[in-house]
Amino acid sequence: MGDARRVSHGLLPGQGGKLRWAGRAWAAGTLHDDGREDELEADARFFGIPVALVRRADDQDGVWPEHLPALERFLAVQTQWCVEVGMRGAFWLGLDYGACESGLRLAGFAPDPELWAEVRLIEDGAKQELNGR
């Protein structure tokens, strides 16, 4: 029947980091690499420190090829957010799943539960970034 430790999106805890990274990068406006060196790399070069020494082995920004289908679907519905606005500003609740289903169909994407689970991980990363967490 499956692993009891799996959460609602079908992955084990700790999985989905690259997808959440993609969501945070989308929300921060850094999803597309503009080719500029980041601050950490610039500082390392200034002080003569090899960049490989200041980066963790798992600190690889970017989207892996196997995640591109989920990212394409997320980008197709990136405007379908539910946002609550109050005295303290906006709070991003998440994607409107009904609108997303229609948007994905109109964009030519067939329903795929596994890819939708990955889209939800990207959504989670985006919410964290948009809500300042």
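The questions and answers below cover the core, the aromatic pairs and selected residues of a predicted model.

User: How many aromatic pairs does a search of the whole structure find, and what is the geometry of W26 and F74?
Analyst: The search finds 4 aromatic pairs. The ring centres of W26 and F74 are 5.1 Å apart, and the planes meet at 90°. Planes over 60 degrees apart count as edge-to-face. The W26 and F74 pair is therefore edge-to-face.

User: Which parts of the chain does the pair of W26 and F74 link, and are these residues buried or exposed?
Analyst: W26 sits in helix α1 and F74 in helix α4, 48 residues apart. The pair thus links distant parts of the chain. As for accessibility, W26 and F74 are both buried.

User: Which strands hold W81 and W92?
Analyst: W81 and W92 form an edge-to-face aromatic pair, with 5.7 Å between centres and 85° between planes. The pair ties together parts 11 residues apart in sequence, because the two residues lie in separate strands. These are β1 (residues 81-86) for W81 and β2 (residues 89-95) for W92.

User: Do W81 and W92 count as buried or as partly exposed?
Analyst: Buried means under 20% relative accessible area. W81 has 12% relative accessibility, so W81 counts as buried. W92 has 24%, so W92 counts as partly exposed.

User: Which residues form one aromatic cluster?
Analyst: Beyond four places in sequence, W81 touches W26, F74 and W92, among others. Its other contacts include G94, L95, E123, A126, K127 and L130. The aromatic cluster is W26, F74, W81 and W92.

User: What is the distance from R73 to the nearest side chain of opposite charge?
Analyst: R73 is in helix α4 (residues 68-76). R73 touches L104, F109, L115 and V119, leaving aside residues up to four places away in sequence. A salt bridge needs a side-chain nitrogen within 4 Å of a carboxyl oxygen. R73 is buried yet has no salt bridge, and the nearest side chain of opposite charge, E72, is away by 4.3 Å.

User: Which residues is A22 in contact with, leaving aside its neighbours within four places in sequence?
Analyst: A22 is found in helix α1. At 2% relative accessibility, A22 counts as buried. A22 and L121 are 99 residues apart in sequence, yet 9.0 Å apart in space, C-alpha to C-alpha. With those neighbours left aside, the contacts of A22 are L31, V63, L71 and I122.

User: Where does H67 lie, and which residues does H67 touch, not counting residues up to four places away in sequence?
Analyst: H67 lies in the loop between α3 (51-54) and α4. Its relative accessibility is 13%, so H67 counts as buried. Beyond four places in sequence, H67 touches K18, L19 and E118.

Methods: Residues are numbered from 1 along each chain as its sequence is written. This is a predicted model: local features need pLDDT of at least 70, side-chain atom pairs count only at pLDDT 80 or more; totals for chains, interfaces and linings use all residues. Side-chain values use heavy atoms; hydrogens and water are left out. Buried means under 20% relative accessible area, exposed over 50%, partly exposed in between (1.4 Å probe, protein chains only). Lys and Arg count as positive and Asp and Glu as negative; His and the chain ends are not counted. Contact means heavy atoms within 4.5 Å. Rings of Phe, Tyr and Trp (its six-membered ring) pair if their centres lie within 6.5 Å; planes under 30 degrees apart count as stacked, over 60 as edge-to-face and the rest as tilted.
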